[in-house]
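Please take a moment with the sequence and the model shown below, and then follow the paragraphs from the whole chain down to single residues.

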Amino acid sequence: MKIRVLEINQFGRFENRKIELPEMPFTVIYGENEAGKSTIMNFILCTLFGYPQKSGLRKWVNGGAEDRLGGSLVFTGDDGQDYRLERVYARNDQPELFIGNSERGSIHKILHGIDRMLYQSVFCFDLDGLSGIEKTKPSDLNDLLLGAGMIGSSELTKLEQSLAKKTGLIFKKGGKNPEMNQLFRKLDQSGTDLRKWERKLDAFHELQQEIAKTRKKIQMLEDERKNVQARFMEWSAFSSVRPLIAGYHVLEEEISSAGKTSSFPENGRSRFSDLEKQIAETEKEMTDLKDEIRFLDEAEAAKPVREKWIRAEGKLSAWFRSAARDDQDLREIDRLGKELAAGQAAYEAMAERLGTEWSPGKILKASVDLSFIRQLREKTEIWMKLVSEEKNAENALSVQHASVVQLEQRLKQLTGLRNEVDVNSLRTVRRTTPEQKENPFSLLLVFVSVLLMTILFTAFSALLFTFYAALPVLALGLTLTAFYGWAALRSHQQGQKTGINEADHRRAAEASLTEEQLSGAKREYEQKMRMREHCKDQLEGFEHQLKEWMRENGYAIDNVGLAEETARLVGDARALLSRLDGMGTELEARRADHDQFISEKQQLTEELSLPDGDTSYIEQQFNMEKEKAADLHALKSKRDVYRRQEKRLNQKLYRLNEEQHSLFEQAEVENRLQFLEKADHFERLSSLLEKRDERWLQMIEISGGEDKLKHFSGDLDHGIWEGVDENDFKNSLSELDGKIKEARDRLTEEQAEGRNMEESDTYRDALDNYQQLLTAANSKSREWAVYRTAQWAIDRAKDQYRRQRLPGILNRARDYFENITSGEYVSLQLDQAGGFIAGRNDGRHFSADELSRGTAEQLYLSLRLALAERICPGEKLPLIIDEGLVNFDVRRTDRVLSLLKEVSQERQVILFTCQPSVLKCASSESVITLSKAFR
C-alpha cells in the first residue's frame, strides 16, 4: 500500500485541505512544532481504522463541527489498483472504499484483520510509542508476536482474555461468587446432612462397606486383567521385533567381516566423475577454440583494406556531405535562373503598364510605405466623395431646369386660353345648354396629359442623368397631377352652378398659381446653380492639392482616379526589384560554392587516387572499404577474445587436474583404477551401515523406545519368553472376565438391598439434593474443563510459535541494531524476567534500561522494523514515524535514514520531523514542508 493523497474535510487545524504526497517511497514531512505533523498522522490512523470515542476526539474537532470531521485517503495497493477510502465521524462504522473508477470494496479485505492497536504497536509510532516496547513484558510481547504472525491482529489476545474471564466466572480458587465455588459449598452442606442420616443407618452403612469391598475386588480383578493384557501387548511387541533383532545381528557380523577402510572423500565418486567430465569438455573446447583462431587468421589475410582511405575518412565524409549540398546548389542555380528570368519578364510587364517615364530609379525613390498608402486611400476616398457631390449637384440642377421649362409652358398655355375665352365668351354663353355647361371629359384630358408628361420627364431625367435626379421631377409632376385632379373634382361638383365667369375665374387663378410656382422654381434654379459651381471649385482645388502631394512622394500623375492603382503597381514593382536583387546575390553564392566543390574533388582525387565515377559511386566504394575494415577489426577483436578464452581454459584445465590429484591424495591412492576400487569398497560399507541404522530405527519405532529395545534384547538373550504363546494369555483373560462378572452381579444385589433400606423421604430428599448438586457440579466442571483445555491449547500454540518465530525476529532486530550502531552492539536477547539484553562487541552485556536513551530508542526502532517484516497481512502497510530520531547523534541519524531508505524499497516510509538536518539526507522531491500558516 502506498498513500498518495490526503483529502481532509475537517480534522484539527486542517479544513478543506488536499495534501499530495511525493511519488518517492521515502517521504519526509517537515515542519516546526504545532505545524500539524501529529494531526496528519492521527488523520491517517482514524481514516484507516475508525474514530475513537467522543472524548478522544476533543482536540481534533474544530469549533464542535463534528458533522464535517473526516476525509479520504487515496492510495495504490500492492496489486497496482488505485483505491479511495472515505470515512467521516458521522458514519464511522460505514467507511466507503472505491476501487478504480466504479467498483466498491471493503477496507477489512485490504487490512486483513490488522486493527488499530496492532498497527500503532508496529507500523505507526511517535517518540513516546517508540519506547513503549520497553514497558512491554516478555509475555505481552509474545502475545503481540502471536497476534501479528499467526492471525494478523490482536484477536488471539482478546480470545485468551475472554476464556480467562469465562473460567473465572465458573471457578476461582478461594472465590465466593463463581458458580462452581457456590456449588461446592452447597455440596459440602448437603454431604454433611447426608452423613447425619448415614450415621443413623448402621446397617445401611455396613451394606455400603460390603458394596465397597465388592467394588474393590472388582477393581483388583480389573487391574489384574489389565496387567495380563499389558503382558500380552508386551509379548506381541517382542514377537514383532524379534526377527528385526536377529537381522540386525547379521548386519553387524557383515560389517565386522568387511573390515575398516581409511578415510574417503565425501561424495568422492560423483566428484571424480564430474571432474573427468569437465576435463573432457574443457579439452574439447580448447580444440574448438584453436580451430576458430586458425579460421580467423585465414579470414584476416583474405581481406586487404585501403588504409589511406580509412585514414582520410574525415575528409571523405566531409566531401560526401559537400556533394549532397552541391547537388542541391545545382538545383538551386537552375531554379534561381528560371525564377530570375520570370521575375524580369514580370517586371517589364509592370513597367509597361506604368509607362516609359517610370524608370527603376524612379520606382525605388517613390513612396510605398504603409503610411503613404493609408494617406493615399484616405485622400482618394475624399476625392471620390467630392466627385459624387459635384455630380449630384449637376443632376439636381438639370431636374430644376426641366421643372422651370414645364411651368413656363403651362403658364403660356393658360394665358392663350384666357384670351380666346374673352373673344368668344358671349357666343359660347348663348349656345350653351345646361348639359353643355360642364364638359368632364376636357378636365379628364388635362389630368391625363399632366400625368403623361410627368412620367415622360421622369424617365428622361433617369436616363439622361441618374435615378436620384429623376426623383424631384417625379415629385413635382405628381404634385401638379394631384392639383389638376382636385380641380377636376371640384369642377364636377359645381358644374351646373357655374357659368362663363366662373371658368374664367378658375383659369385666372390657375395662371396666377402657375406664375408663383414658376417664380419659386427660378429662384431654386439659381440656388442650385451656385451650389454646383461651389462643388466644382472645391473638387478642382482638392485635385490640385492631391496631384502636388503625389509629386512630393515621387508620383507625377494627371488622372487622380488612377493614383491608387499606380501606387499599387509601383509597390509591386519595387518588391519585385528587391526580390530580383536577392535572387541574383544568392545565385552568385551558389555558383561560388559549386566551384569550390569542384576544386575539392580534384584535390582529393590527386591525394587518394580516387576512381573515376560520380560521388555516389566513390562513396559506395568507400563504404565497402569501411565495411571491410570493420570486419577486419571485428575479426581481430574476436581472435583476441578467443585467445583470452584459450588462456582461461588452460587455467581451468590445470585447476581441474589439480583438483583430481587432490582427490587422489584424500583417498590415499595413486591412479584412477585404485580410486574406483576404493570407492566401490567404501560404498558397500556405507550401504551396510545405512541398512544397520535403518534397522535400528525400525526396532526402536516398533518396540516403543531405546529402553524397550534393550529390554527386548535382554529377554531374547535370556529366553524369558520361551514356551509362551497367545493361547496362554487368552485363557487367563477369559478366567478373569468370569470372576469380574460374578463380582458385578453380587454388587448389583447389594445395591438393590441398599435401595430397599432407603425408607425415609427426608433421607431421600437429602440424597436427591446431593445428587442434583453433584450433577450440576459435574456439568460445570466439564464446561470449566473445556475452557481450560482451550486455554491450554492456546498456551501450547503460543509457546510453540514463540520458539519458532521469536528467535528470527530477535536476529533480524539484532542485524538492524548492529547496522545502526556501526557494529558496536552485536547480539540481542530477550530474558523472560529482565527484558531485552544487548551485547557489545567487547563482550559486555547491558539490559535496555542500562543503555543511554538514544541507544535504547535505536534498539526499540530495530525491533519495530523486525516486527514490520514478520507481519504480512497481504498488503505492505506504510511505516509512519513521528519525531523518532530527535535523541540520535548525527552519525547514527544518517545510518537510520539510510536504513529507512532501504526499507522504503519494500514499503512506503513517512517520516515526520522538525529537524532541518534530516532534510540534508533527503531529496527535494521527497520533502513536504508544513508551516503554522498551512491550512
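Of the contacts in the protein chain with a separation of 6 or more, what percentage is accounted for by residues 24 or more positions apart? The share is 76%, where contact means heavy atoms within 4.5 Å. This is a predicted model, in which local features need pLDDT of at least 70 and side-chain atom pairs count only at pLDDT 80 or more, while totals for chains, interfaces and linings use all residues. Residues are numbered from 1 along each chain as its sequence is written, and side-chain values use heavy atoms, with hydrogens and water left out.

The secondary structure of the protein chain comprises 25 helices and 14 strands; helices (H or I, at least four residues) and strands (E, at least two) are DSSP runs, numbered from the N terminus. Of the 935 residues in the chain, 36% are buried, a word that stands for under 20% relative accessible area, with exposed meaning over 50% and partly exposed in between (1.4 Å probe, protein chains only).

In soluble globular proteins, nonpolar side chains tend to be buried together. A nonpolar core is here a set of buried Ala, Val, Leu, Ile, Met, Phe, Trp, Tyr and Cys residues joined through side-chain atoms within 4.5 Å. The largest such core in this model has 66 residues, and F75 and Y119 have the most contacts inside it. Helix 1 (residues 37–49) gives this core its largest share, eight residues. Apart from neighbours within four places in sequence, Y119 is in contact with L45, F49, I114, C124, L877, P878 and I880. A second, separate core holds 30 residues, among them I333, A567, L569 and L587.

From the cores we can turn to one residue in a helix. L397 is found in helix 13 (residues 370–431), and L397 is buried, with a relative accessible area of 5%. Leaving aside neighbours within four places in sequence, L397 is in contact with Y525, K528, M529 and R532. L397 and Q527 lie 130 residues apart in sequence, and their C-alpha atoms are 8.9 Å apart in space.

Three strands form an open sheet in the order 9-10-11, with antiparallel pairing; two strands pair if DSSP finds at least two bridges between them. Its edge strands, strand 9 (825–831) and strand 11 (845–847), each pair on one side only. Strand 10 (residues 835–840) and strand 11 are joined in the antiparallel sense over three bridges, and A838 stands opposite F846 in strand 11.
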